[in-house]
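Work through the exercises below with the coordinates open. Try each task before you read its solution.

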Amino acid sequence: MNRKAAFRVRVLGCGDAFASGGRFQTAFLLEIGEGRLLVDCGATTLVALQRAGIDPSTIDAVLISHLHGDHVGGLPFLLLDQHFRGERRRPLALIGPPGIGERQRDLMRVCFPGSEAMALRFPLETEELAPGKPHRSGEAEIAAIEVDHPSGAPSLGLRIRADGRILAYSGDTQWTDSLVELADGADLFICECYAYEPGVSNHMNYRALLEKRSRLRAKRIVLTHLSSDMLARRESLEIEVLDDGMVINL
Ligand SMILES: [Zn+2]
Ligand SMILES: [Zn+2]
C-alpha cells in the first residue's frame with residue numbers, strides 16, 4: 001500500500017513582534033509524514049509549543065525566514081530546553097539565511113553567556129539557504145526567494161514542497177514582485193500583512209496587497225503578522241486571517 005504523506009500546517013504563532021491581540025510570535029509547525037519542521041522560532045515559540053502540547057524533541061529541523069528577534073529569538077530557549085531538559089540525542093537541523101549560525105551563537109551569548117560555546121548534547125547542524133538553490137530537509141524541498149525587508153542578512157520568502165503540495169510563506173516583507181514567483185501555484189500562501197494603510201516601511205500593507213492580489217496565483221491566501229490596527233479591522237478584510245492554534249491540511 002502506498003503511504004500517503006500528509007502535509008499539515010499548525011499555526012503556533014501568527015503574531016507581530018509586539019504581541020498584538022495577545023498572539024504568539026511567528027512559528028508554524030509543518031507536519032510532513034512523520035517529519036516535523038518548525039518554520040520560524042519567535043521569542044515566544046517554546047511557550048507556544050508547550051501550550052500546544054508538542055514535544056520540542058519531535059522537531060527535526062528549524063527553518064528561519066529572516067534574522068529578526070520575533071522570528072529567531074526563541075532559539076536559545078528551544079536549544080537549551082533540548083540540551084538540559086529534553087531527551088534529544090539525534091540531530092537538529094537549523095536552516096536559514098546566510099549568517100544563521102553566527103546569529104544563533106550571538107543570541108545564546110547575549111541571553112545565557114557561555115552557552116554559545118557549550119557542547120550541546122545533540123548535534124546542531126547549521127545549513128544556510130541560498131536563493132535559487134533548492135534545499136532538502138527530510139521529505140521537504142525548500143526554495144528560498146529574497147524579499148524586501150532589512151534584517152542584517154538577506155530576508156527570505158520560503159517555498160516548501162512536499163507530498164505534491166506547496167506551501168509558500170512570505171516571511172516579513174513589503175510588496176516586492178518576487179512574491180509573484182514565490183506564490184505561483186502554491187496550495188497555501190501565508191502572507192505577512194502587518195499594516196492596513198500604506199506608509200509603514202519594510203512591511204506589507206493591506207491596500208497594496210489587495211491591489212496586487214490578482215498577480216498572486218496561489219489557491220489560498222492567508223494573512224499573518226497583523227498589527228493591532230489590522231486586527232481591529234478584521235471583520236472588514238476580504239482575505240482570510242490566521243489564528244494561533246489553526247490547523248490547515250494541504
Ligand atoms: Zn516579524
Ligand atoms: Zn522582520
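The exercises cover metal sites, a nonpolar core, salt bridges and cysteines.

This is a predicted model: local features need pLDDT of at least 70, side-chain atom pairs count only at pLDDT 80 or more, and totals for chains, interfaces and linings use all residues. Residues are numbered from 1 along each chain as its sequence is written, chains are lettered from A and ligands numbered from 1 in the order in which they are written, and side-chain values use heavy atoms, with hydrogens and water left out.

**Exercise 1. Find the donors of the zinc ion (ligand 1) and classify the site.**

Step 1. Collect the donors, meaning N, O and S atoms within 2.8 Å of the metal (3.2 Å for Na, K and Ca); water is not among the atoms, so sites may look incomplete. The search returns D70 (OD), H71 (NE2), D172 (OD) and H225 (NE2), at 2.0 to 2.2 Å.

Step 2. Check the angles. Four donors count as tetrahedral if all angles lie between 85 and 135 degrees; four count as square planar and six as octahedral if opposite donors are over 155 degrees apart and all others between 65 and 115; anything else is irregular. For reference, ideal angles are 109.5 degrees for four tetrahedral donors. The four donor atoms of the zinc ion (ligand 1) give 91 to 161°, and the site is irregular.

Step 3. Read the spacing along the sequence: D-H-x100-D-x52-H. D172 sits in the loop between strand 10 (165-169) and helix 5 (178-183), and H225 in the loop between strand 12 (221-224) and helix 7 (228-232), so this pair ties together parts 53 residues apart in sequence. Helices (H or I, at least four residues) and strands (E, at least two) are DSSP runs, numbered from the N terminus.

Step 4. Check burial: buried means under 20% relative accessible area, exposed over 50%, partly exposed in between (1.4 Å probe, protein chains only). D172 is buried at 2%. H225 is buried at 3%.

**Exercise 2. Which residues of the largest nonpolar core touch the most other members?**

Step 1. The largest core has 30 residues, and V9, L30 and I160 touch the most other members. Strand 9 gives the most to this core, with four residues.

**Exercise 3. How many salt bridges does the whole structure hold?**

Step 1. The search finds 15.

Step 2. Take E31 and R36. Their N to O distance is 2.6 Å, and both residues are buried.

Step 3. Take D106 and R109, at 3.5 Å, N to O. They are three residues apart in helix 4 (residues 100-111), about one helical turn. D106 is partly exposed at 29%, as is R109 at 42%.

Step 4. Take R234 and D243, with closest N and O atoms 2.9 Å apart. Shared partners also join R8, R10, E31 and R36 into one network.

**Exercise 4. How many disulfides are there?**

Step 1. Look for pairs of cysteine sulfur atoms within 2.5 Å. The search finds zero.

Step 2. The closest cysteine sulfur to that of C14 is in C193, 13 Å away, too far for a bond. C14 is buried at 0%.

Step 3. C193 is in no disulfide either; the nearest cysteine sulfur, in C191, is 6.3 Å away.

Methods: Core = buried A, V, L, I, M, F, W, Y, C linked by side-chain atoms within 4.5 Å. Salt bridge = Lys/Arg side-chain N within 4 Å of Asp/Glu carboxyl O.
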